Amino acid sequence: MTGSAHATTGYATRPVHPALRPYVGDVIGYAYDADPPDLHRGLPSRSLTLVVTLDDPLGFAWPGGPVEKYDALVGGLHSTAVQIGQTPSRAGVQLSLTPAAARGLFGLPPGELASAVVGLDDVLGRPARELTEHVRAETKWSARFDVLEDMLLRWLGARRPSAARPELDWAWQRLCASSGAIGVQELATEVGWSRRHLTDRFTSEFGLPPKVASRVLRFERVTSYLRGHPHTRLSDLSAAAGYADQSHLTREFRSIAGCSPRQWMTEELPSLPSNPQVAAIAPASSAGSH
């Protein structure tokens, strides 16, 4: 899920500690200048999300569902946008996590968090409440980041997590490196499994079938590029990202984000930071059979 820290007056980042780099993509502190928007779309991405609020609980809802509010939360991989808003929360710390973080920090496979947003205390219990209390007790971003880093390192050191099968970790990395531009059959052949076996094991581990994960990664590539290049012609971007045409891209936006590309850019682009992990885009390679 991407983009919950926007329209901010306070904005800070911290380089990730070397020991945490397999698990944490980036760390962002945010504080709204005024009331937060009534609704913001948290788009699916390659990352799980951890948020610790600094004031009021933060509200999340799946389309058509009730709003749930959390002081601290973790959201798993998902394939449609989650609605963020209907809350007075103005400030917090947000981390993007790799799927490996679910096992390394929480002691469970990422598939158990897929398509869900849950309270961090439901996952960790008392350590989650301690994290929230200690982060909120600090008044400077540097001190908040220090507390967060220390707690994550302690969680990591306290666990002896079982690792995902190396074939699954490799398949995930391969999909990410290609931004979803490799077909499932090609991926299965490279792994040395049948397509069905790969799909079953991949879905069990990550919570999304590889075909769906590919859609998410390709869509993430497009939205990341648009954040940095909002005047790009959608027809050109569609071709470069491997969509059949602009209509295909528009259908994916409606299916994944719940709106058209133009609506998303009008409502969200003026205040969203770019995602440095996937900002670059070039013509997609041959995707094979999905």
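# Core, pocket and salt bridges

Tutor: In this predicted model, the largest nonpolar core has 55 residues, and Val24, Leu95, Phe106, Leu120, Trp155 and Phe202 touch the most other members.

Student: Which helix gives the most to this core?

Tutor: That is α4, with eight residues.

Student: And where does the core lie relative to the two domains?

Tutor: Domain 1 (10–158) and domain 2 (166–269) both contribute residues, so the core lies between them.

Student: OK, new topic. How much space lies in the largest pocket?

Tutor: About 400 Å³.

Student: What lines the largest pocket, and which residues lie nearest its centre?

Tutor: The lining has 25 residues, and Thr98, Pro99, Ala100, Asp169 and Gln173 lie nearest the centre. By class, the lining has 12 nonpolar, eight polar and five charged residues.

Student: Which helices and strands supply the lining of the largest pocket?

Tutor: At least two residues come from each of β9 (91–97), α1 (100–106), α5 and α7 (195–206). Helix α5 gives the most, with four residues.

Student: What does each domain put into that lining?

Tutor: Domain 1 (10–158) and domain 2 (166–269) each provide at least three residues of the lining of the largest pocket.

Student: Now charges. How many salt bridges are there?

Tutor: The count comes to 12 salt bridges.

Student: Give me one. What does Arg14 pair with?

Tutor: Arg14 forms a salt bridge with Asp146, and their closest N and O atoms are 2.9 Å apart. This pair links distant parts of the chain, 132 residues apart: Arg14 is in the loop between β1 (8–13) and β2 (24–32), while Asp146 is in helix α4 (residues 141–158).

Student: Is Arg14 buried or exposed, or in between?

Tutor: Arg14 is partly exposed, because its relative accessibility is 21% and buried means under 20%. Asp146 is also partly exposed, at 43%.

Student: What about Arg126 and Glu130, how far apart are they in the helix?

Tutor: They are four residues apart in helix α3 (residues 126–137), which means about one helical turn separates them.

Student: How exposed is Arg126, and how exposed is Glu130?

Tutor: Arg126 counts as exposed, with 58% relative accessibility. Glu130 is partly exposed, with a relative accessible area of 24%.

Student: Back to α5. What does Arg174 meet in a salt bridge?

Tutor: The side chain of Arg174 meets that of Glu190, at 2.8 Å from N to O. Arg174 sits in helix α5 (residues 166–177) and Glu190 in helix α6 (residues 184–191), 16 residues apart, and the pair links distant parts of the chain. Arg174 is partly exposed, with a relative accessible area of 26%. Glu190 is partly exposed too, at 35% relative accessibility.

Student: Which residues do salt bridges with shared partners join into one network?

Tutor: Arg14, Asp146 and Glu149 are joined into one network that way.

Student: Last one. I clicked on Ala188. Where is it, and is it buried or exposed?

Tutor: Ala188 lies in helix α6. At 0% relative accessibility, Ala188 is buried.

Student: And how far is the C-alpha atom of Ala188 from that of Glu167?

Tutor: The two C-alpha atoms are separated by 9.6 Å, and the residues are 21 apart along the chain.

Methods. Residues numbered from 1 in each chain as written. Predicted model: local features only at pLDDT ≥ 70, side-chain atom pairs only at ≥ 80, totals over all residues. Heavy atoms only, no water. Salt bridge = Lys/Arg side-chain N within 4 Å of Asp/Glu carboxyl O. Buried < 20%, exposed > 50% of the residue type's maximum accessible area, 1.4 Å probe, protein only. 1 Å grid on protein atoms, 1.4 Å probe; cavity = no way out; pocket = protein on both sides within 12 Å on 5 of 7 lines; lining within 4 Å. Points joined across faces, edges and corners; volume = space filled by probe spheres on them. Nonpolar A, V, L, I, M, F, W, Y, C, P; charged D, E, K, R; others polar. Domains from an automatic or database assignment. Core = buried A, V, L, I, M, F, W, Y, C linked by side-chain atoms within 4.5 Å.
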